[in-house]
Amino acid sequence: MSNTRAPDGAEQLDAIVIGGGFAGLYALHRLRGLGLKVKVFEAGSGIGGTWFWNRYPGARCDVESLEYSYSFDEKLQQEWVWPERFAAQADILRYIHHVAERFDLNRDIVLNARVSSATFDDASSQWTVETAAGHRATARWCVMASGNLSLPRVPRFPGLENFRGEWHHTGQWPYEGVDFAGKRVGVIGTGSSGIQAIPLIAEQAKHLHVFQRTANFTVPAINRPLTPEADAAHKKKYAEWREEARRTPFGIAGHAPPTKSALQEEEDERRAVYEKKWNTGGNISFLYAYNDLLVNKDSNETACEFVRDKIRGIVRDPEVAKLLMPNDHYIGTKRLCLDNGYFETFNRDNVTLVDVKSDPIVEVTAKGLRTGTKEYELDTIVFATGYDAMTGALLDMDVRGRGGRSLREKWADGPRTYLGLMTAGFPNMFVITGPGSPSVKTNMVSSIEQHVDWIADCLQHLRARGVVAIEPEVAKEDQWVEHVNQVADSTLYPLANSWYVGANIPGKPRVFMPYVAGLDKYRKICDDIAAKNYEGFALKAQAPQTTPETTT
Ligand code: N01
């Protein structure tokens, strides 16, 4: 029988996983498979992570369903049927629940358990994690599966507490939904969340004001039901599709890599290429029109101009069309949104676009929102204002490594990791899809599986050799951070004021956080390091007085 309590009364486990979304569930499954006693601590009252919280109208994934799903179990992928090309939030959440039941995961998931601190003890090489409710658990291995876009951000407008209507953030949407019928609604924000929600809110609301600070690029999703024929055809070769996905930069199969520069093509031909992509739908497909859209400004500008032309053609009021045309960043350098009738929505009589770049919001009043020049009376305000991305959830917890050093302090000038998986001074703490890994620039499920598999293999290796602690060497971490920056600087990505660089959070250090060399290249780097006995990591052998690992 296993030890269930550490000497100080904390629950004794082998591994603690923080977060119960796609990453946390797969981590639980894999680590349990190694014979470890594992528990997941999840802040929400249900599992699903992003897909638990983001219930706003129109929430759906921008990666195709047959790709945005686990690949680790052939029977699961054969049996699960996705109703649409791009899955809606409710279907993804249904899938996550199915996976949890199918692999008997729920019994080791603690809900309503927001982790407030995680502290490493040098002597025992163990982590102790405490939740806001006071639950404490200790384990050798601590796996952060807390998500890249999980700390919602509501701008600090003065007066929000005085607002007499209701307000919601898209990333903390009420379980029971929001009724917009007959309401005067204001949506702040035109990122992926706003762009998905706006067309549907407009259909219900009496009047919708869209408060836009920065015009954004979006291309049509061209969503459709998945026919039984399409489903069967894909599943016949599912294993091959998954294998192909593993060899791509984005972890997504079915897109032949482009071979030409946009500047090598005659204008008419280029337009025809973009037109075809526009009508096919999908953001990867669009950005794969040419091989230099994300590295060459002139090439990129051809795609920007194509989309601006589309906006001119769709939006009837030329002034509104002009305001909707992005002009401050290159297409794809912020997440390229996918929409269902976004620009068309601005032709509706009950929709007004408000430019809050030239006339910023200054306060929330009892009756609505006030800009520098005008008050807008509203019954409901929707904040589609994004997240403290990639580092937000990690730094929201008080994480303390060797010698009590805090992660907030270590990352004060930006995140520093080796491979985006670990950070020096915080032994035995793994971050799934952490900053410095491909993460948000890929199909997240592919990146999650790659990281969890790497971590599980690593733990198996360490346990077989009696290693009780692992952490990156500082020099290797420094080199990796440098490499991540160099790769980013060879692209147009860092030029945009995006959440990739933390530009949306006042005071956040400007660092381009994802690794953009591609998941295929990154996977090879990780595998090579593992094959060389975890080169670049310091390993500490079993100390005589450490607490023995429990077994299930
Ligand atoms: O957040 P965002 P999001 N006054 O940060 C505006 C993923 N996702 O939730 O650009 C006025 O992109 C802000 O304006 P600006 C996806 O990776 C995926 O939409 O800072 N406006 C911007 O317009 C995505 O990239 C899916 O000038 C203010 C908006 O709020 C990521 O999540 C769906 C403001 C925030 O946009 C985040 O998307 C949804 C202020 N004070 C999300 N503060 C799919 O899979 C902020 N804004 C399809």
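1. A residue is taken to be near a molecule if one of its heavy atoms lies within 4 Å of it, and by that criterion 24 residues surround the ligand, the closest being Thr190, Ser193, Arg213, Thr214 and Trp499. This is a predicted model, in which local features need pLDDT of at least 70 and side-chain atom pairs count only at pLDDT 80 or more, while totals for chains, interfaces and linings use all residues. Residues are numbered from 1 along each chain as its sequence is written, and side-chain values use heavy atoms, with hydrogens and water left out.

2. Among the polar contacts (pairs of N or O atoms within 3.5 Å), a side-chain N or O atom of Thr214 lies 2.4 Å from a ligand oxygen, and a backbone N or O atom of Asp62 is 3.2 Å from an oxygen atom of the ligand. The side chain of Arg153 places an N or O atom 3.3 Å from a ligand nitrogen. Of the 920 Å² of accessible area (Shrake-Rupley, 1.4 Å probe) that the ligand has on its own, the protein covers 88%.

3. Helix 5 (residues 192-204), a DSSP run of H or I with at least four residues, gives the most to the shell around the ligand, namely three residues.

4. Helix 1 (residues 22-33) and helix 15 (residues 444-464) have axes, fitted to C-alpha atoms over the stretch in contact with angles running from 0 to 180 degrees between N-to-C directions, that come within 9 Å and cross at roughly 30°. The two helices are therefore roughly parallel to each other, a term for angles under 35 degrees.

Terms used
A polar contact is a pair of N or O atoms within 3.5 Å; within protein, one must be able to donate a hydrogen and the other to accept it, and residues adjacent in sequence count only if both atoms are side-chain atoms. Angles under 35 degrees count as roughly parallel, over 145 as roughly antiparallel, 65 to 115 as roughly perpendicular and the rest as oblique.
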